[in-house]
Amino acid sequence: CPCVPAQDAMMDNRFATALVIACVLSLISTIYMAASIGTDFWYEYHTQSPAENVSEAGRSIWEEFVSKEADEKTYTDALFRCNGTVGLWRRCITVPKNSHWYSPPETDMTTNCISFSLSDQFAEKYIEPGNHNSGTDFNRTYLWRLQFLLPFVSIGLMCFGALIGLCACACRSLYPAIATGVLHFLAGLCTLGLVGCYVAGIELLHRKLPLPEDVKGEFGWSFCLACVSAPLQFMAAALFIWAARTNRKEFTLLKAYRVA
């Protein structure tokens, strides 16, 4: 039948378009996820007069902030007072350059950061932050650990899915695209879990350490990138699975038509 080749071409073009769109969405979501992990603006604190706050306390705030013995309450208080930002890997505060207790407040500000060590990421959180005798807060402890692990699991799943997709291209088959879609779906769940864990952790922390009256806290653009990445992963997963399943179904029907 002369219409069969045209139908094959139409089917190939449709599935190829879906796969291209899915690959673009996957690439964008991976870039967004990697950028969110590598930046320090998951949560931001804004205070009205950070320079005056630092001048009152001298350099002790910075020294305590960077100290290896700094506990959760110590560095959180510094974040409150010094326009701090928190990422998954680092915490940062904004301080005047060369500030001393005897010098007037400076307007020339600099942002200094310190990384969370691996032991910090898996350290216990306490019911009363800073009080080691108050007992372990299991909710916050496991939320913090999950928000550290889940983004790497998400990126790993997408990279593995991309590898399967390359193998599918080499084999000229759409069937492995189902596995790629499933992996992207699981990656989306991990990213969504990461966002939920981070929001819950911040809310629980602020119940323990309420924000001062002159301090405002808000989620930053790094957090927003992770929020955008999750639906992109789900859309890519849906397109991969749809293309593979629909192609298989129509190929079976077409084969039966040709035999008939």
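Author: A helix, in this predicted model, is a DSSP run of H or I over at least four residues, numbered from the N terminus. Helix α6 covers residues 138-171, and R140 is found in this helix.

Reader: Why is R140 called buried?

Author: Buried means under 20% relative accessible area. R140 has a relative accessibility of 5%, so R140 counts as buried.

Reader: Why is L149 called partly exposed?

Author: Partly exposed is the class between the buried limit of 20% and the exposed limit of 50%. L149 has a relative accessible area of 37%, so L149 belongs to that class. L149 also has its place in helix α6. The C-alpha atoms of L149 and L194 are separated by 8.5 Å, although these residues are 45 residues apart along the chain.

Reader: How do you know that C92 and C113 form a disulfide?

Author: The test is a pair of cysteine sulfur atoms within 2.5 Å. The S to S distance of C92 and C113 is 2.0 Å, and the pair therefore counts as a disulfide. The link joins distant parts of the chain, with C92 in strand β3 (residues 90-96) and C113 in strand β4 (residues 109-115), 21 residues apart. About the S-S bond the angle is 105 degrees, and the link is right-handed. A search of the whole structure finds one disulfide.

Reader: Which accessibility classes do C92 and C113 belong to?

Author: C92 has a relative accessible area of 3%, so C92 is buried. C113 has 28%, so C113 is partly exposed.

Reader: How do you know that C224 is in no disulfide?

Author: Let us begin with accessibility. C224 counts as partly exposed because its relative accessibility is 40%. The nearest cysteine sulfur to that of C224 belongs to C227 and is 6.0 Å away. The limit is 2.5 Å, and C224 is therefore in no disulfide.

Reader: What makes V182, F185, L186 and L189 a nonpolar patch?

Author: Nonpolar side chains, among them Val, Leu and Phe, are joined within 5 Å, and each residue must have over 30% relative accessible area. Together, V182, F185, L186 and L189 have about 310 Å² of accessible area on the surface. L189 has its place in helix α7, residues 177-208.

Reader: Where does UniProt place the feature "transmembrane region"?

Author: According to the unreviewed UniProt entry, this feature lies at residues 15-35, 148-175, 181-202 and 223-244. In the model, residues 15-35 are 100% helix and 0% strand, with end C-alpha atoms 30 Å apart. Residues 181-202 are likewise 100% helix and 0% strand, and their end C-alpha atoms lie 32 Å apart.

Reader: Which residues of helix α4 are buried?

Author: In helix α4, residues 72-81, the buried residues are E72, Y75, T76, A78, L79 and F80. At the start of α4, a side-chain oxygen of D71 comes to within 3.2 Å of the backbone nitrogen of K73. Just after α4, N83 has a positive phi of about 50 degrees.

How values were computed:
Residues numbered from 1 in each chain as written. Predicted model: local features only at pLDDT ≥ 70, side-chain atom pairs only at ≥ 80, totals over all residues. Heavy atoms only, no water. Buried < 20%, exposed > 50% of the residue type's maximum accessible area, 1.4 Å probe, protein only. Helix = DSSP H or I, 4+ residues; strand = E, 2+ residues; numbered from the N terminus. Polar contact = N/O pair within 3.5 Å; in protein donor to acceptor, adjacent residues only side chain to side chain. Patch = residues over 30% accessible without salt bridge, like charges linked within 9 Å, V, L, I, M, F, W, Y side chains within 5 Å. Areas by Shrake-Rupley, 256 points an atom, 1.4 Å probe, with all protein chains shown as cover. Salt bridge = Lys/Arg side-chain N within 4 Å of Asp/Glu carboxyl O. UniProt positions renumbered as here; feature names shortened; annotations may be inferred.
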